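User: I would like to learn how to read a protein model step by step. Could you take me through some features, giving the general idea and then the case here?

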Amino acid sequence: MAVTNLCDTSRTIAQHIESVTHHSMSARTIRRRLQKSGLSARSPLLGLPLTQNHRLLRHQRCDERRTWAAEWNEVVFINEPRICLQHHDGRIRVWRHRGERMLNSCVMHRHSGSAPGIMVWGGIRYHSRTPLEHIAGT
């Protein structure tokens, strides 16, 4: 069952086995058996679904900057993460083998619509960083 639905919890799998076989099995036993077969519960990779055009544009951008050396000293990376207060709580796990993190079946595509949350801003450069700022009114 963990192979068909990677997000099922060990407790859900145990309940399913009990409903089918009428024999009880603990969630801990399920976890041990899955781990013996090489599966373990890990946090899924979170990401926005990318179209083929998105992938092509990202690849072109990387190719253009492949030979940069001194230019990276002049680049400032900034981030304005929005911390959602309503949806994903980070407790979802997927059953996967080591090295399968980037498989599409192990990626949880995140919602990008509006929901209650807070926004912060920060930036880094080659030898420095900015203070983390709370953006009021968002």
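Analyst: Let us begin with burial, where buried means under 20% relative accessible area, exposed over 50%, and partly exposed in between, with a 1.4 Å probe and protein chains only. Buried residues make up 20% of the 138 residues in this protein. This is a predicted model, in which local features need pLDDT of at least 70 and side-chain atom pairs count only at pLDDT 80 or more, while totals for chains, interfaces and linings use all residues. Residues are numbered from 1 along each chain as its sequence is written, and side-chain values use heavy atoms, with hydrogens and water left out.

User: Which pattern does the protein follow along the sequence?

Analyst: Helices (H or I, at least four residues) and strands (E, at least two) are DSSP runs, numbered from the N terminus. The protein has three helices and eight strands, and along the sequence they follow the pattern α-α-β-β-α-β-β-β-β-β-β.

User: How is the packing of two helices described?

Analyst: Two packed helices are described by the angle between their axes and by the distance between the axes. Axes are lines fitted to C-alpha atoms, for helices over the stretch in contact, and angles run from 0 to 180 degrees between N-to-C directions. Here the axes of helix 1 and helix 2 (residues 27–36) come within 8 Å and cross at roughly 105°. Helix 1 and helix 2 are therefore roughly perpendicular to each other, a label for angles of 65 to 115 degrees, whereas under 35 counts as roughly parallel, over 145 as roughly antiparallel and the rest as oblique.

User: Is Ser-10 buried or exposed, and which residues does Ser-10 touch?

Analyst: Ser-10, which is found in helix 1 (residues 10–21), counts as buried because its relative accessibility is 8%. Contact means heavy atoms within 4.5 Å, and, not counting residues up to four places away in sequence, Ser-10 touches Ala-27, Ile-30, Arg-31 and Trp-95. The side chains of Ser-10 and Arg-31 are also joined by a polar contact of 2.9 Å, that is, a pair of N or O atoms within 3.5 Å; within protein, one must be able to donate a hydrogen and the other to accept it, and residues adjacent in sequence count only if both atoms are side-chain atoms.

User: How many bridges join strand 3 to strand 7?

Analyst: Two strands pair if DSSP finds at least two bridges between them. Three bridges join strand 3 (residues 77–79) to strand 7 (residues 117–124), and these strands run antiparallel; Ile-78 has Gly-123 in strand 7 as its bridge partner.
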